Amino acid sequence: MNLRLSDPARHIARRFFRNRMARVALVLLVLLSVMAIAAPLLSPYPYDFQDLDLGPVPPRPGHWLGTDDLGRDLLTRLLYGGRVSLAVGIAATLVALGIGVSYGTLSGYAGGRTDNIMMRIVDALYALPFTVFVIILMVVFGRNILLLFVAIGAVEWLTMARIVRGQVLALKEQTYIRAARALGFSHLRIMIRHMIPNMIGPVIVYTTLTIPRVILLESFLSFLGLGVQPPMSSWGLLIRDGARAMESYPWLLIVPGTTLCLALVALNTIGDALRDAMDPRHTPR
Amino acid sequence: MKAMFTFFLKRCLTAIPVLWAAVTIAFILVRLAPGGPFTDERAYPPHTLEQLNQHYGLDQPLPVQYMRYLGGLLRGDLGPSLTQSGRSVNEIIATAFPISLELGAWALLVALIVGLPAGIAAALRPGSWLDHTTMASALVGICIPPFVLGPLLVLFFSLQLGWVQASGWNAATDRILPSITLGIVYAAYIARLARAGLLEVLPLDYIRSAHAKGLHPIRVIAIHALKPGILPVVSFLGPAIAGLISGSFVIETLFHIPGLGRIFVSAAFNRDYTLVLGLVAFYATLVIACNMIVDILLALLNPRIKIKP
């Protein structure tokens, strides 16, 4: 694989890094991710370690963000929760990416009636109350984390399919695609080797913006008690516990709430900045 | 007018397969579930259980039950609730929907009152500190989930200051916190969309001409620029209104509001098959209806969009 950035990619990267907000957001996100990944190294406690004699204490040395009513260290649970939330966000987005890109490419490439029917199906699916289905799924099939990926991914692929289809329609008429077809390459090869790499830009942007939506959906489900189950930890779950205990121990709500918001703001900022960097009409600030 | 009517008719016809799909998927999902509506902690004697199943037709083969349900749906009869004895699903929706509707209406009001002026103000001075602050707040507004904002508002305004009740839906002041919690995200989106829409319109020639012929700047903005500039907001409002009035799962649970969202979550937990299916059908109808109304509105606002019969 060629690791040297191509010229347009370098150009976009330069424009991206010129954006101060984007730089801050990127640093924040990398910091959060590294801390979440390194949770077992950073924290002296396991995620479900209870110290019932200690009970809930406000932030203090040894428990830098305090503990919950079972004496579990909040910083530890926040880091482990970050692992779950970020992992669900990325995994479910990959599911959505896979379905959306293949569906959109197929639909746009096939064109004509097939395209028409496939897009009508997407339109119809848009009208379905998906959150409702996800809730039914989670209630019905137990709160299995693998199912959570699939359920969220199955919800979020629709817009991706539309974006990709639009790209394919535009690419299809380009000379190099026609040339590839004239050379007798198979349709599959043209789609995978020639089309998908050339529409990577909008796909990356939309992917970056999907991750925060997925993280939000996971937290929402965990908050309703339908997502990640205790004693595991996730940001949504911590917020749920925090909201119950906030009257006496407000830090239990404020700390995970702020963390989740920061992560979402960072991800959205990066997504927006990438979009601006790729948009030639946009002059970077 | 005729075009409008055929458009309306055609939309209603395409809504039927969508509705059918929604109900069918939901039917399959709830019936695949382990457990049933009568297998909760209070264990029924086998004889009673048999009678209950017989009474609600749950002893029939699934395809028969499915066809029966569809038959009822065609007549607008959503069947009896399985867990709230003696009440029909129609009745339950009829009592809960007005509550969700009211909450949604207040939240929409919050969203428009906060979002529109903020977006317009930001668009008039692009690049200014006002613009930057507004857009930064909008970003935070979009990113702060209702299940974080809600408890924080409760913590501050009812637990600390004691101004309003923490939960419930009785006094007029009970409307304040839930409406703000629900509305703020939409306000943020509206502000962004209004700003973007206006920024597209403001540099156009006809706006310059309107200024040049000496019209009052407020008139130019309010009459000439706002109508086309607001289009993105209108197309956003379709799904947004559907989302606002169909009952928010989080907010109704959080504030103990007896609306559709809270009923849906508990119905799903209790395996109340008919109630879950009825609510799914109701949601789908609501979403379709809101989208249709918005498409008609868009055509009225934008002469370039023609309603295709």
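Which residues does Val276(B) touch, not counting residues up to four places away in sequence? In this predicted model, Val276(B) touches Ile136(A), Ala26(B), Val30(B), Ala267(B) and Ala268(B), where contact requires C-beta atoms, placed from the backbone, within 7 Å. Local features need pLDDT of at least 70 and side-chain atom pairs count only at pLDDT 80 or more, while totals for chains, interfaces and linings use all residues. Residues are numbered from 1 along each chain as its sequence is written, and chains are lettered from A and ligands numbered from 1 in the order in which they are written.

**Nonpolar core**
- The largest nonpolar core holds 155 residues, of which Ile135(A), Ile136(A), Val276(B) and Val280(B) touch the most other members.
- Such a core is a set of buried Ala, Val, Leu, Ile, Met, Phe, Trp, Tyr and Cys residues joined through C-beta atoms within 7 Å.

**Interface of chains A and B**
- Contacts link 35 residues of chain B with 28 residues of chain A.
- H1(B) supplies the largest share of the side of chain B that touches chain A, 9 residues.
- That side of chain B divides into 34 nonpolar residues, 1 polar and no charged (nonpolar: Ala, Val, Leu, Ile, Met, Phe, Trp, Tyr, Cys and Pro; charged: Asp, Glu, Lys and Arg; polar: the others, Gly among them).

**Val265(A)**
- Val265(A) lies in helix H12 (residues 251-278) of chain A; helices are DSSP runs (H or I, at least four residues), numbered from the N terminus.
- Val265(A) is buried because 22 other C-beta atoms lie within 10 Å (buried: 20 or more; exposed: 12 or fewer; partly exposed: in between).
- Leaving aside neighbours within four places in sequence, Val265(A) contacts Leu139(B), Val140(B) and Cys143(B).

Methods. Helices (H or I, at least four residues) and strands (E, at least two) are DSSP runs, numbered from the N terminus. Two residues are in contact if their C-beta atoms, placed from the backbone, lie within 7 Å.
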